[in-house]
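Colleague: I'd like to learn how to read a few features off a model like this one. Can we go through it together?

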Amino acid sequence: MNRLTTPFGSYELTRFPEDPRDRLRAWDAADEYLLRHLDSGTGERGPVDLAGAGQITILGDRWGALTTALAAYHPTQITDSYLSRASTAANLDRAGIGTAKSTVRLLTTQDPPPERIDVLLVRVPKSLALLEDQLYRLAPHVHPGTVVVGTGMVKEIHTSTLNLFEKILGPTRTSLAEKKARLIFCTPGATATRGEDPWPVTYKLDQEAGSGAGLTAVNHAGIFCADRLDVGTRFFLQSIPTNTDGARVVDLGCGNGIVGTAVAVADPRAEIVFTDESYQAVASAKATFRANVHRERERADFLVGDGVAMLDPGSVDLILCNPPFHSHQATTDATALRMFAQSRKALRPRGELWVVANRHMGYHTHLRRLFGNSEVVASEPKFVVLRAVKQDRPRDTRPM
């Protein structure tokens, strides 16, 4: 837990799920810079009177730092991340604010945005595609008087970032850098170059995609490799078991859902659970499944949440996972290791976890420690597919 001191108050903030071992803060210099700017009221358009500003929308607040600090102004938060949304709710509760009093409205990137936006604050996301899609979605709801301010670390703001603001909303400029952070100022106005939102993207997998060959993928903006099949998933599709004998199968961290869909096509009796912490990903998985599986009764569930934490213990036969190793800009294996621990709990005895990962992540060691076993199913110079089986008896917890 870390204390963020702002012109609007001082707050104890954490990421979600809270982990005392996590050294990553729930805020950074970009959040601080934006909050200082809003308090000082400096800028080309003069002071921002937040109290009388009207509807304030915060896009992409990573862990709720901006939303918590500005809660007194009744903002609406829009996020693609279940973990970010849960973190925001927890931080608001810790600050004695909460969401039950209609102080703050929490929306997802798949929800309709507010009808009118008077102040738009944008935390620049890692995904340029997600920024593009969301600016297109929000553009009809801003007006010439809307105050638009973006923020991000210098390494996150590129010429392409500024070009999106300019193309979709209006004239754009940046601030000087402070503590390696920068602000973006945009003046909404009529633009002839906006065009149409290009998302979602649909494409067909080629014959080298293993069990996914010939399937149609539907990708909403923001998922990993949103405009094509990533090489790790392509390699995974060449190895995953598809003759599941009617098993309950989880596509964990499902992305566009092509892995779970490949199993569903190969085994119509299989029950597939698609889960991801990204609302864009689960929307993609649902669209991909429906584009390929034509049944009167769809044996599929689509869940947004923290891994498989929402599933009953011992309720799953097979989990297929291509885990992330980034949290926004930070490289970390914390998410993957949490997925593995959750998977062991969710699996039935003799249930299996299959993982594809970059070889250098060394996940075989973690799986062996957690499951008592780990087998290499397939490998190439960059990627490896691992299989771990939940034992019938309690695992040996002695140091390895």
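Colleague: Which backbone oxygen does the side chain of N373 reach at 2.8 Å?

Modeller: Keep in mind that this is a predicted model. For a polar contact, look for a pair of N or O atoms within 3.5 Å. Here the side chain of N373 gets to the backbone oxygen of V389 at 2.8 Å. The N373 side chain also reaches the backbone oxygen of F371, at 3.2 Å.

Colleague: And where is N373 placed?

Modeller: In a loop: N373 falls between α10 (363–371) and β19 (375–379).

Colleague: Is N373 buried or exposed?

Modeller: Go by relative accessible area, where buried means under 20%. N373 has 18%, so it counts as buried.

Colleague: Which residues does N373 touch, leaving out those up to four places away in sequence?

Modeller: L367, R368, R387, A388, V389 and Q391. V389 is the residue whose backbone oxygen the N373 side chain reaches, and strand β20 covers residues 383–389.

Colleague: Which strand does β20 join, and how many bridges are there?

Modeller: To read pairing, check the bridges and the direction. β20 is joined to β18 by 7 bridges, and the two run antiparallel.

Colleague: In what sense do β15 and β18 pair?

Modeller: Parallel: β15 (residues 316–321) and β18 pair over 5 bridges. There, V316 stands opposite L347 of β18.

Colleague: Why is β18 described as largely enclosed by the rest of the structure?

Modeller: Because 9 of the 12 residues in β18 (residues 347–358) are buried.

Key
Residues numbered from 1 in each chain as written. Predicted model: local features only at pLDDT ≥ 70, side-chain atom pairs only at ≥ 80, totals over all residues. Heavy atoms only, no water. Helix = DSSP H or I, 4+ residues; strand = E, 2+ residues; numbered from the N terminus. Buried < 20%, exposed > 50% of the residue type's maximum accessible area, 1.4 Å probe, protein only. Polar contact = N/O pair within 3.5 Å; in protein donor to acceptor, adjacent residues only side chain to side chain. Contact = heavy atoms within 4.5 Å. Pairing = 2+ DSSP bridges.
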